[in-house]
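Student: I have a structure open and would like to go through it piece by piece. Can we start with how the parts sit against each other?

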Amino acid sequence: MTTYDETFGSPGERLLQEALGTADRAAGFYERQMRPCLTPAMRDFIARQYMVFLSTADARGECDASFRSGPPGFVVSLDDHTLTYPEYRGNGVVASAGNITENPHLGMLFIDFTDHHIGLHVNGRAQVYSAHDHYALYPHLPADPAPGRQPQMWIHLSVEEAYIHCSKHIPHLEPAPRPRVSPGERPKDSEYFTGERRPAAPPGPPSSPAYPPAPSYPAAYPTASSYPAAPAYPADQAYSADQAHPRDQAYPAEQAYPTDQAYPVERAYPAAPPTPPSPAPPAHHAATGNETSPRAPAQTRRERLLKLLR
């Protein structure tokens with residue numbers, strides 16, 4: 001049978017550990033994780049938290065769970081063995097503080113939902129202090145931990161045990177501003193669970209099918225004035241009358257290109273021989289019967305042929 005350190009745990013825990021076969025694991029947890037006071041890491045963790053869950057019970061052992069919140073560090077670590085937190089005006093029942101006056105046992109659970117997703121249990125014996133007595137003992141503490149709210153009393157906890165709550169099933173939550181809700185969207189707090197619910201409005205006639213909204217176009221298209229102006233170039237400088245503007249300076253004449261140079265005269269070649277004059281045509285004169293033309297021989301042959309054919 002496993003031997004326990006009686007500092008932590010209850011007889012009921014040990015009975016179930018033996019029945020379930022987890023006694024050795026539980027003994028390791030008690031040794032590694034549970035402390036009789038707050039470690040520096042625990043105190044630093046508590047100083048960053050803005051919420052805590054409370055567990056109390058009255059003299060008959062009837063339990064009550066509650067919740068407190070405030071600015072980060074509203075639960076103050078006075079030293080390694082003491083925590084304190086303010087109690088503000090609420091619904092007037094003061095259930096948690098009332099239980100503490102009968103049964104001083106108080107359990108506190110801090111959970112980091114946002115950054116490290118880890119929890120811390122702190123259990124011990126609590127005592128109720130009036131605001132006057134509290135500030136007489138700890139005058140250095142702020143009178144209004146939550147600006148605008150005055151504590152009616154303070155709860156002091158003498159730490160008996162503190163240990164980790166593993167991150168396995170802690171959800172991730174992101175801090176955000178509380179949304180505004182109109183009165184018609186939810187009942188008042190005093191009527192939320194016990195008041196009469198208003199019947200839901202009957203459904204109206206079926207509406208026409210919803211068509212996708214028309215695409216939105218820009219209200220105004222860019223105009224010429226909406227484009228950046230052309231860069232301003234420097235104006236011409238003013239020059240005196242006797243000072244020549246750079247653009248009026250005389251530049252050297254253009255150089256002569258090779259095509260304009262004088263080349264030597266072409267070499268003279270021998271002239272072609274003169275062409276003999278054409279023979280002058282014979283002079284025309286009055287024809288006679290006995291005179292023959294240049295074609296006389298051909299005519300004579302023809303005449304001869306004609307004579308032979310006759």
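Student: Which strands does helix α3 lie across?
Tutor: This is a predicted model. In it, helix α3, residues 40-48, lies across β3, β4 (82-87), β5 (105-112), β6 (118-130) and β7 (153-165).

Student: And at what angle does α3 run to β6?
Tutor: At about 75°.

Student: What order do the strands have in the sheet?
Tutor: The order is β2-β1-β5-β6-β7-β4-β3, in an open sheet of 7 strands with antiparallel pairing. The edges are β2 (63-69) and β3 (76-79). Each of these two has a single partner strand, so one side of each has no neighbour in the sheet.

Student: How much are neighbouring strands turned against each other?
Tutor: By 35° on average, with direction ignored.

Student: How many bridges are there between β1 and β2?
Tutor: There are 7, and the two strands pair in the antiparallel sense. Strand β1 covers residues 51-57. As one example, Val52 has Arg68 in β2 as its bridge partner.

Student: What about β6 and β7, how many bridges there?
Tutor: 12 bridges, again antiparallel. Gly124 stands opposite Val159 in β7. On β4, 6 bridges join the strand to β7, and these two also run antiparallel.

Student: Which residue is the bridge partner of Pro86 in β7?
Tutor: Trp154. Trp154 is also buried, with a relative accessible area of 1%.

Student: Changing topic: how many aromatic pairs are in the whole structure?
Tutor: A search finds 4. One of them is Phe29 with Tyr163, an edge-to-face pair with 6.2 Å centre to centre and 80° between the planes.

Student: Where in the chain are Phe29 and Tyr163?
Tutor: Phe29 is in helix α2, residues 23-33, and Tyr163 is in strand β7. They are 134 residues apart, and the pair links distant parts of the chain.

Student: Is Tyr163 buried or exposed?
Tutor: Tyr163 counts as buried, because its relative accessibility is 18% and the cut-off for buried is under 20%. Phe29 has 28% and is partly exposed.

Student: What sits over the ring of Tyr88?
Tutor: The charged end of Arg149, 4.0 Å from the centre of the ring.

Student: Back to α2: which of its residues are buried?
Tutor: Ala23, Ala26, Gly28 and Tyr30. What covers them includes α1, residues 11-20.

Student: Now the loops. Where is Val94?
Tutor: Val94 is in the loop between β4 and α4 (95-102). Its phi is positive, about 45°, although Val94 is not a glycine. At 45% relative accessibility, Val94 counts as partly exposed.

Student: What is phi of His117 near?
Tutor: Near 50°, a positive value in a residue other than glycine. His117 is in the loop between β5 and β6.

Student: How far apart are His117 and His169?
Tutor: In space they are 9.0 Å apart, C-alpha to C-alpha, and in sequence 52 residues. His169 lies in the loop between β7 and α6 (296-309).

Student: Is His169 buried or exposed?
Tutor: Exposed, with a relative accessible area of 70%.

Student: Last topic, the chain as a whole. How many helices and strands does the chain have?
Tutor: 6 helices and 7 strands. Along the sequence the pattern is α-α-α-β-β-β-β-α-β-β-α-β-α.

Student: What percentage of the residues count as buried?
Tutor: 23% of the 310 residues. The accessible surface comes to about 25,200 Å², and 57% of that belongs to carbon and sulfur atoms.

Student: And what share of the contacts join residues at least 24 apart?
Tutor: 63%, among contacts between residues at least 6 apart in sequence.

Terms used: Residues numbered from 1 in each chain as written. Predicted model: local features only at pLDDT ≥ 70, side-chain atom pairs only at ≥ 80, totals over all residues. Heavy atoms only, no water. Pairing = 2+ DSSP bridges. Helix = DSSP H or I, 4+ residues; strand = E, 2+ residues; numbered from the N terminus. Axes fitted to C-alpha atoms, helices over the stretch in contact; angles between N-to-C directions. Contact = heavy atoms within 4.5 Å. Phe/Tyr/Trp six-rings, centres within 6.5 Å; stacked < 30°, edge-to-face > 60°. Buried < 20%, exposed > 50% of the residue type's maximum accessible area, 1.4 Å probe, protein only. Lys NZ or Arg CZ within 6 Å of the ring centre and 35° of its normal. Areas by Shrake-Rupley, 256 points an atom, 1.4 Å probe, with all protein chains shown as cover.
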